[in-house]
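Please load the model in your viewer and keep the sequence panel open.

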Amino acid sequence: MFEELFAVMAQLGPVMMFWFMVLPALVAVLLLAILYRLLRTREGATPAHDDEARMIQEMYRALGRMEERVEALETLLLDPDGSAGRAGRDAPRGQGRE
């Protein structure tokens, strides 16, 4: 069976042999390599995704704390005598000494 195939291919010449034997084999190997790589990256994608999600959550929490700090600084800087910013925490410091 293969002898007849090789005899026909020898008559067709090396160019036809390339188009009917070598090229399909190369395409098959390339497709298998792509499939293998896709399956391998899909398995390894979950830990990286979990790490990214955890990092984004930490950044969100830190951003909330930073927002509170900025609001406190704005209160201190925008109040000219500083008494309104400290009224909620304790009594103003300058009243007992006058």
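**Stop 1: a charged patch**

Select Glu 67, Glu 68, Glu 71 and Glu 74: on the surface of this predicted model, these residues form a patch of negative charge. Is Glu 68 buried or exposed? Its relative accessibility is 57%, so Glu 68 counts as exposed, the cut-off for that class being over 50%.

**Stop 2: a pair within helix H2**

Next, select Asp 51 and Arg 54. Side chains of opposite charge can pair when their charged atoms come close. Here the two residues form a salt bridge, and the closest N and O atoms are 3.1 Å apart. Where do Arg 54 and Asp 51 lie? Both are in helix H2, with a spacing of three residues, or about one turn of the helix. Arg 54 counts as partly exposed because its relative accessibility is 45%. Asp 51, at a relative accessible area of 43%, is therefore partly exposed as well. The count of salt bridges comes to one.

**Stop 3: the whole chain**

Clear the selection and colour by secondary structure. The chain has three helices and zero strands, and its elements run α-α-α from the N terminus on. Switch to a surface view: the accessible surface comes to about 9300 Å², and carbon and sulfur atoms account for 65% of that area. How many of the residues count as buried? The figure is 4% of the 98 residues in the chain, where buried means under 20% relative accessible area.

**Stop 4: confidence**

Finally, colour by pLDDT. The chain has a mean of 77, with 73% of its residues at 70 or more. Select helix H3, residues 83-86: confidence in the chain is lowest there, with a mean of 55. Then return to H2, where confidence is highest, at 84. Where pLDDT is low, the predicted coordinates should not be read in detail.

Methods. Residues numbered from 1 in each chain as written. Predicted model: local features only at pLDDT ≥ 70, side-chain atom pairs only at ≥ 80, totals over all residues. Heavy atoms only, no water. Patch = residues over 30% accessible without salt bridge, like charges linked within 9 Å, V, L, I, M, F, W, Y side chains within 5 Å. Areas by Shrake-Rupley, 256 points an atom, 1.4 Å probe, with all protein chains shown as cover. Salt bridge = Lys/Arg side-chain N within 4 Å of Asp/Glu carboxyl O. Lys, Arg positive; Asp, Glu negative; His and termini not counted. Charge placed at Lys NZ, Arg CZ, Asp CG, Glu CD. Buried < 20%, exposed > 50% of the residue type's maximum accessible area, 1.4 Å probe, protein only. Helix = DSSP H or I, 4+ residues; strand = E, 2+ residues; numbered from the N terminus. pLDDT = per-residue confidence, 0-100.
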